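Have it open while you read, and check each point as you go.

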Amino acid sequence: MKKIYVKLILVVICIFMSIGIIRLFKYDKVLKRYNPKKLGGISQIPQVTLGSSLGISLLENGNIISYRNYSNEKTDKLFTNLVYENEKFHLGKIYKEELSVKNSGSVDQYLRVSIYKYWLDSENKKDLSLQPNLINLNLVNTGENWIIDEKVCTNERTVLYYSYPLEVGEETLPFTDTFSIDSSIKTSVEITVTSEYSTSKTIKTIKKGEGKRAVIEVQVESIQTHNAEDGILSAWGRKVKIDENGRLILID
């Protein structure tokens, strides 16, 4: 009888995404809620149901806002309770925004978190005239606990790995603690408006962030600890080493 060898790197993976969007200026700085599925939403990955299953939950300031396992899922929005009812969002103000991950499955897992920051214009298109670093989601507990993968990070994207296997029911240390938008976004700039039907030019003064929306996407992924080195390479394309204590180390 022929033996068929299949690496169990259909490594039960769990993945979801939560999105927060903030409108500026013309929209009275009101916090706006969106359906993440319109902007990518939950990534659909072929799933394999085994005796034990993965499950992860994203916590915002201690409260579960999104989770996914093999029987159900919930995807809510970031920043829902960032400001009080009838309170306006203020540029430059630092808001508490502690994000962490909990193992809500039945097996130990390794974690990867990807954070995307960018701007949308009034037509819901990505606006490259504003820098992502004007959106400040402050990272904490990096180095010993959360590892920043500098190899794949960009101005728009930050990738983090949790150093240790997350046991069933365990919660990570937060990977962020505060959120703010740089107040320089309200600086006035002059733009030149021209028309193909006229040789005249009009100078118009606007605020840099007028009509723009700041977007943060947080994507959480987990993978089983069994055969983790091969699994992470297959699923995430990243070479890692797991030492004798179970600590994850990125290999450059």
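1. First, the ground rules. This is a predicted model, so to speak: local features need pLDDT of at least 70, side-chain atom pairs count only at pLDDT 80 or more, and totals for chains, interfaces and linings use all residues. Residues are numbered from 1 along each chain as its sequence is written, and side-chain values use heavy atoms, with hydrogens and water left out.

2. How confident is the predictor? The chain averages a pLDDT of 76, and 70% of the residues score at least 70; pLDDT is the predictor's confidence in each residue, from 0 to 100.

3. Where pLDDT is low, the predicted coordinates should not be read in detail.

4. Now the overall make-up. The chain has one helix and 16 strands (DSSP runs numbered from the N terminus: helices are H or I, at least four residues, and strands are E, at least two). Of its 252 residues, 43% count as buried, meaning under 20% relative accessible area with a 1.4 Å probe, protein chains only. Among contacts between residues at least 6 apart in sequence, 70% join residues at least 24 apart.

5. Have a look at Lys117, in strand E7 (residues 109-120). Which side chain of opposite charge is nearest to Lys117? That is Asp182, 10 Å away, and Lys117 is buried yet has no salt bridge (a side-chain nitrogen of Lys or Arg within 4 Å of a carboxyl oxygen of Asp or Glu). A polar atom of the Lys117 side chain does lie 2.7 Å from the backbone oxygen of Ile135. Leaving out residues up to four places away in sequence, Lys117 touches several others, including Pro132, Asn136, Glu156 and Val215.

6. Then Glu221, in strand E14 (residues 213-224). Is Glu221 buried or exposed? With a relative accessible area of 4%, Glu221 is buried. Its side chain makes polar contacts with the side chains of Gln219 (3.3 Å) and Trp236 (3.2 Å). A polar contact is a pair of N or O atoms within 3.5 Å; within protein, one must be able to donate a hydrogen and the other to accept it, and residues adjacent in sequence count only if both atoms are side-chain atoms.

Technical notes: Buried means under 20% relative accessible area, exposed over 50%, partly exposed in between (1.4 Å probe, protein chains only). Lys and Arg count as positive and Asp and Glu as negative; His and the chain ends are not counted. Contact means heavy atoms within 4.5 Å.
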